[in-house]
Amino acid sequence: MKSLIAMFALVSFGTLPVSGSDFDYYLNGNAADAKPAKTEAALLLMGGGGLIDEAYRWFIEKAGGGDIVVLTASAGDKYGDYLRNTVGGCDSVETIAFLNRDAASNPKVLEAIRNADGIFIGGGAQWRYTDYWKGTPVGQALDQHVREGRPLGGSSAGLAVLGEVCYTAHVSARLNSEMSMKDPFDPRLTFEDNFLHLELMRGVITDTHFSPRNRLGRLITFLGRVGLTKDKEQRVGLGVDEKTALCVEADGSGRVVTTAPEGRVWLVRPTKKPELLASGKPLTFRNVQVVGIGPESKFHLLQRLVEKPALVQTASVVEGVLTVVEENE
């Protein structure tokens, strides 16, 4: 593989790829370390399905306009030109496309992650992230990145792995709500915990492409399966619609940015334990609170509190069938 040291010695005005057996590397912008005066801890949680200039601009501001590193497990560079030249405001965008687990111990990969002022995890197959990164220096470096007060974000598969527990889609990427509720222990429901350790995401499991793919029943099933945290607190779900992002500040306060007509983030919070959660049997899980968070809302992630919710619903799954009732009905 071509040496990344040579790449770091260049100033690039376009995207220059470096390919090898373990990862591909792309640089768009200045190869030198930017060293911005200030960065801020933040999380950018995106549902996938489209780019949102305002949300990425906020993310770059939190990174102090410095060096953005995009981590993917998909071929090509989908972000470099967009972030640096369309959104603008950052010194460089480095994309590292992981081809296998060995890349997670490569010194140059780790150097790029350690020097990143903001890290964004792209879409694709989330099981590759957990398989390639769990228990490796990359996983540790991502935790350290956040602890040091720098922003982290993810879209689609990149969002899926940011929760305390993540659905990995290791068997099937086409698991829908009906399949999940029919049998909560279907082999296609695969989970991973103890992957990343983000304080703001403690007790949270996420889901993506949420409303367009009717994933409320799926996320409720996830919550039935993952149950309580180690501290015996009930986990909650965050479903994020397509073309929608939740911008979370260091104190846990968040706002929704969307380009979809009714794009929302959904706080899914059980009020009791499932009544029937057994292998091979349809789920029964009643009285789950569902709060729609819109652009006019303010969300307090740590307190699970929504000011000015777009709507409030109660969802119940009875013998594998989902019903939803709005609060004002």
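How are H4 and H6 oriented relative to each other? In this predicted model, H4 and H6 are roughly parallel to each other, because an angle under 35 degrees counts as such and their axes cross at roughly 10°.

**View 1. The contact of helix H4 with helix H6.** Helix H4 spans residues 107-115 and helix H6 spans residues 137-147, and their axes come within 9 Å. On the H4 side the contact is made by Val 109, Leu 110 and Ile 113, which meet Pro 137, Val 138, Ala 141 and His 145 of H6. Sorted by class, the residues of this contact comprise 6 nonpolar and 1 polar, with no charged residues.

**View 2. The contact of helix H2 with helix H3.** Helix H2, residues 53-62, packs against helix H3, residues 80-87, at an angle of about 85°, and the two axes are 11 Å apart. That angle makes H2 roughly perpendicular to H3. From H2 the residues Asp 53, Tyr 56, Arg 57 and Ile 60 take part, and from H3 the residues Tyr 82, Leu 83 and Val 87. By class, this contact of H2 with H3 has 5 nonpolar residues and 2 charged ones, but no polar residues.

**View 3. The open sheet of 6 strands, with mixed pairing.** The strands follow one another in the order E10-E11-E14-E15-E18-E19, and the twist from one strand to the next averages 25°. Strand E10 (204-207) and strand E19 (321-326) stand at the edges with a single partner strand each, so one side of each has no neighbour in the sheet. Within the sheet, strand E14 (residues 265-270) pairs with strand E15 (residues 285-293) in the antiparallel sense over 6 bridges, and Val 265 stands opposite Ile 293 in E15.

**View 4. Helix H9 lying across the strands of the sheet.** Helix H9, residues 216-226, lies across E10, strand E11 (236-240), E14, E15, strand E18 (311-318) and E19. Relative to E10, helix H9 runs at about 155°.

**View 5. The aromatic pair of Phe 98 and Trp 133.** Among the 10 aromatic pairs that the structure holds, the pair of Phe 98 and Trp 133 is edge-to-face, with 5.3 Å from centre to centre and 70° between the planes. The pair links distant parts of the chain, with Phe 98 in strand E5 (residues 92-98) and Trp 133 in helix H5 (residues 126-133), 35 residues apart.

**View 6. Confidence along the chain and over residues 1-14.** The protein chain has an average pLDDT of 93, and 94% of the residues score at least 70. Over residues 1-14, by contrast, pLDDT stays under 50, and for this stretch the model has 35 contacts beyond four places in sequence.

Definitions and conventions. Residues are numbered from 1 along each chain as its sequence is written. This is a predicted model: local features need pLDDT of at least 70, side-chain atom pairs count only at pLDDT 80 or more; totals for chains, interfaces and linings use all residues. Side-chain values use heavy atoms; hydrogens and water are left out. pLDDT is the predictor's confidence in each residue, from 0 to 100. Contact means heavy atoms within 4.5 Å. Axes are lines fitted to C-alpha atoms, for helices over the stretch in contact, and angles run from 0 to 180 degrees between N-to-C directions. Helices (H or I, at least four residues) and strands (E, at least two) are DSSP runs, numbered from the N terminus. Angles under 35 degrees count as roughly parallel, over 145 as roughly antiparallel, 65 to 115 as roughly perpendicular and the rest as oblique. Ala, Val, Leu, Ile, Met, Phe, Trp, Tyr, Cys and Pro count as nonpolar, Asp, Glu, Lys and Arg as charged, and the others, Gly among them, as polar. Two strands pair if DSSP finds at least two bridges between them. Rings of Phe, Tyr and Trp (its six-membered ring) pair if their centres lie within 6.5 Å; planes under 30 degrees apart count as stacked, over 60 as edge-to-face and the rest as tilted.
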